[in-house]
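Hi everyone, thanks for making time. I'd like to walk you through one structure today, so let's get it up on the screen.

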Amino acid sequence: MTFNDIFKSSFLENVTSVSILDMMLAMILAFALGMFIFLVYKKTFSGVMYSSSFGVTLVALTMITTLVILAVTSNVVLSLGMVGALSIVRFRTAIKEPLDIAFLFWSIAVGIVLAAGLIPLAVIGSVLIGIFLLIFVNRKSHVNPYIVVIDCTDRNSEQKAIDYLEQQVSHLVVKSKTVRKGSIELNTEIRMKDDNTDFINTLADMEGVNNAVLVSYNGDYMG
């Protein structure tokens with residue numbers, strides 16, 4: 001064993017395993033596609049409270065995945081160690097919106113494909129997915145379910161309110177009914193015919209109706 005063999009470092013040999021040009025190109029493309037995913041998420045968000053930190057996470061996740069896969073593809077031994085290291089990671093953050101899972105997998109998939117050098121697949125695939133989400137998620141709002149809460153004074157005013165509401169909407173189902181002395185509260189699920197909500201004003205002005213409330217909700221979370 002010579003003096004040079006003693007100080008020979010496999011760590012230094014791995015420095016040039018991935019060229020600087022490849023790294024810069026992959027990270028720039030990952031940032032660009034991550035921003036595209038973030039913009040699509042912002043345009044298609046339909047939840048209650050928008051989280052800007054989740055959008056930033058999508059960009060960061062795309063770049064981080066690209067970075068990890070670049071390292072894995074450069075060294076077979078490193079890839080085995082990386083699998084073992086990542087297997088102990090556990091994520092405890094709850095996903096509130098089912099669509100958020102699609103965006104997370106989209107970011108990870110783009111990072112993997114970019115690091116593998118399949119740039120056309122990453123770009124064209126992201127564009128097609130973005131168009132699909134923009135078309136099907138941003139559909140007209142009046143087809144979404146709404147809840148109408150009606151506070152009536154007696155049985156007659158309740159029936160009049162229901163009859164009027166059935167004429168104004170395309171679909172109506174009574175979800176719950178609460179009866180108190182001098183008060184009847186109805187919770188109904190409706191589908192509106194169009195975006196016009198003036199019927200709620202007329203409903204609230206009806207005799208025997210104390211108030212009427214229109215609330216949009218996601219039917220996946222309410223029975």
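Okay, reading from the N terminus, the elements of this protein go α-α-α-α-α-α-α-β-α-β-β-α-β. That comes to 9 helices and 4 strands; helices here are DSSP runs of H or I with at least four residues, strands are E runs of at least two, and both are numbered from the N terminus. A word on what you're looking at: it's a predicted model, where local features need pLDDT of at least 70, side-chain atom pairs count only at pLDDT 80 or more, and totals for chains, interfaces and linings use all residues. Residues are numbered from 1 along each chain as its sequence is written, and side-chain values use heavy atoms, with hydrogens and water left out.

Of the 223 residues in the protein, 29% are buried. When I say buried, I mean under 20% relative accessible area; exposed is over 50%, and partly exposed is in between, with a 1.4 Å probe and protein chains only.

Let's start with the salt bridges. How many salt bridges does a search of the whole structure find? It turns up 4, counting a side-chain nitrogen of Lys or Arg within 4 Å of a carboxyl oxygen of Asp or Glu.

Take Arg155 and Glu158: their closest N and O atoms are 3.9 Å apart. Both sit in helix α8, residues 155-168, and they're 3 residues apart, about one turn of the helix. Arg155 is partly exposed at 47% relative accessible area, while Glu158 is buried at 6%.

Glu158 also meets the side chain of Lys177 in a salt bridge, 3.1 Å from N to O. Lys177 is in strand β2, residues 169-180, and Glu158 is in helix α8, so this pair ties together parts that are 19 residues apart in sequence. Lys177 itself is partly exposed, with a relative accessible area of 43%.

Another of the salt bridges joins the side chains of Arg191 and Glu189, at 2.5 Å from N to O. Here Glu189 is buried at 9% relative accessible area, and Arg191 is partly exposed at 25%.

Back to α8 for a second, and how it packs against another helix. Its axis and that of helix α9, residues 198-205, come within 11 Å and cross at roughly 165 degrees. Axes are lines fitted to C-alpha atoms, for helices over the stretch in contact, and angles run from 0 to 180 degrees between N-to-C directions. So α8 and α9 are roughly antiparallel to each other, a label used for angles over 145 degrees, with under 35 being roughly parallel, 65 to 115 roughly perpendicular and the rest oblique.

Now over to helix α7, residues 119-137, where we find Ile135. Ile135 is exposed, with a relative accessible area of 53%. It's one of the residues in a nonpolar surface patch of about 760 Å², alongside others including Val123, Leu128 and Phe132. A patch takes residues with over 30% relative accessible area and no salt bridge, joining like charges within 9 Å and nonpolar side chains (Val, Leu, Ile, Met, Phe, Trp, Tyr) within 5 Å; the areas come from the Shrake-Rupley method with a 1.4 Å probe, and for residues only the protein chains shown count as cover.

Last stop: Gly125 is in helix α7 too. Gly125 is partly exposed at 23%, and its C-alpha is 9.8 Å from that of Trp106, 19 residues apart along the chain.
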